[in-house]
Amino acid sequence: MIGVVVMARAPVPGAAKTRLEPLLGAEGAARLQGELIRHTLAWSAAAAPTWLALTPPDAAFEGLVPGRVERFAQADGELGARMAAAAGHILAVHDGPVAVIGTDAPLLGPRHLAAAEAALAAGHDAAIVPARDGGYVLIALARELPAAFELSAPEWGGRRVLELTRRALQQAGLTVAILDAVRDLDTPADALALRADPRCPAALRRALEPLVSIVVPVLGEEAMIGGLLDHLASLPGRWERIVADGGSSDRTCELAGAHPSAPRIVHAPRGRANQMNAGAAVAGGEVVLFLHADTRLPAGAHASVTAALADPALLGGNFALRFDGEDRFSRLLGRWYALQRRAGIYYGDSAIWLRRAAFERLGGYRPLPIMEDYDLVRRLQRDGPTRCLPGPARTSARRWERYGLARTIGSWVVIRWLFIAGVEPRRLARLYPHAR
């Protein structure tokens, strides 16, 4: 019977699945690695005698390894040397061929192992299950075959691993069976494809979802907080909800604390900048999304953010915005907002989101009484690209209606240019009292 050795890196933040950190963050990538180890060992140990070749620290694997799976430390050196040593270790103690696998292929399973074993039984010296990126996810050996692992370190990191391994085996006079390919999990694009694949186990699909922290600054929102939290609880995706209170004297915090979604409540000095910074300081998500209490996100908000994160260069952005109401005022206001967004101008009512690392690098919101959102956007855009995500998000136009379209748009333009010109924000706040 074929034996299996699973090569696994310890699920340690910053050292595991690092290419997925733009999507999941270091903690999320390590959590995913733990689920991959658990999944791989579970199916392998049920199908064949299995050994785990691990990297330190051993304690990181606690709770992930079935009792019938023996563990041993990987050898030192580059990947080929470590794989060769692991295969040799098992061939010395197991009466039969051996398959070497990693933990990066959620769709690899018993049928692939059986196909590899059948290929060896038919007389092949080796059998390989390719990955779609030019590498492979399983190599089965009838006996010790040093030629299978003699690639150089740069070659192991390239896209020709399968081709070069096959050539090396053939040049050594050995036969190799190439089996059906499967997708492995290395990049954010791989993660998005596997998360949408129903064959991927549910626990892994959940681990592939980035955590998005929603921070809602509130002050005296007793009438609105329940409906807002109901809305957030209804959204698909993996969310963390944080209510950042600026000193409400009504029942806002009481009602938020009693809500079934159990949002985290933080307290900060009054002022949206202070409150949003306080919320972001306790956020656990790879992405922080700042949401005004009168704005509602689109149902596909999490999917849109996740897809955007597949671009590692993208730092954040906002959502397309529509103002509630089918009246002419709301429609024209929405069109003006969309026109501004094409010019790179947007504000907090369109649900600003950004990677937590980018937010921290920028130092968060500056404590301004007005234009703190636009100030953050300007600094973010100087730091890297942003994107307006589809939606739309919806917000209320009622607070603007009594000022009329011309005065509303005119005040937006005048205040923005005065801010850019360096006028003291406290003076601008006096010119724009209805902005809060």
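Which residue forms a salt bridge with Asp311? In this predicted model, the partner is Arg387, and the closest N and O atoms sit 3.7 Å apart. The two are 76 residues apart in the chain: Asp311 is in the loop between α11 (301–309) and β13 (316–323), while Arg387 belongs to strand β15 (residues 386–395). Asp311 is partly exposed at 28% relative accessible area, and Arg387 is partly exposed at 35%.

That pair is one of 15 salt bridges in the structure. Some share partners, and in this way Lys17, Asp104 and Asp186 end up in one network. Here are three of the pairs:

| Salt bridge | N to O distance |
|---|---|
| Glu62 and Arg71 | 3.5 Å |
| Arg143 and Asp125 | 3.0 Å |
| Asp311 and Arg387 | 3.7 Å |

Arg143 and Asp125 also link distant parts of the chain, 18 residues apart. Arg143 lies in the loop between β6 (136–141) and α4 (153–156), and Asp125 in the loop between α3 (110–121) and β5 (126–130). Arg143 is partly exposed at 40%, whereas Asp125 is buried at 11%. As for the Glu62 pair, Glu62 is exposed at 54% and Arg71 is partly exposed at 37%.

Now for the nonpolar side. The largest nonpolar core has 74 residues, and Leu289, Leu297 and Phe319 touch the most other members. Strand β8 (residues 212–218) gives the most to this core, with five residues. Beyond its neighbours within four places in sequence, Leu297 has contacts that include Ile214, Trp239, Leu289, Phe319 and Ala351. A separate core of 32 residues has Val6, Leu108, Ala131 and Val182 among its members.

How values were computed: Residues are numbered from 1 along each chain as its sequence is written. This is a predicted model: local features need pLDDT of at least 70, side-chain atom pairs count only at pLDDT 80 or more; totals for chains, interfaces and linings use all residues. Side-chain values use heavy atoms; hydrogens and water are left out. A nonpolar core is a set of buried Ala, Val, Leu, Ile, Met, Phe, Trp, Tyr and Cys residues joined through side-chain atoms within 4.5 Å. Buried means under 20% relative accessible area, exposed over 50%, partly exposed in between (1.4 Å probe, protein chains only). Helices (H or I, at least four residues) and strands (E, at least two) are DSSP runs, numbered from the N terminus. Contact means heavy atoms within 4.5 Å. A salt bridge is a side-chain nitrogen of Lys or Arg within 4 Å of a carboxyl oxygen of Asp or Glu.
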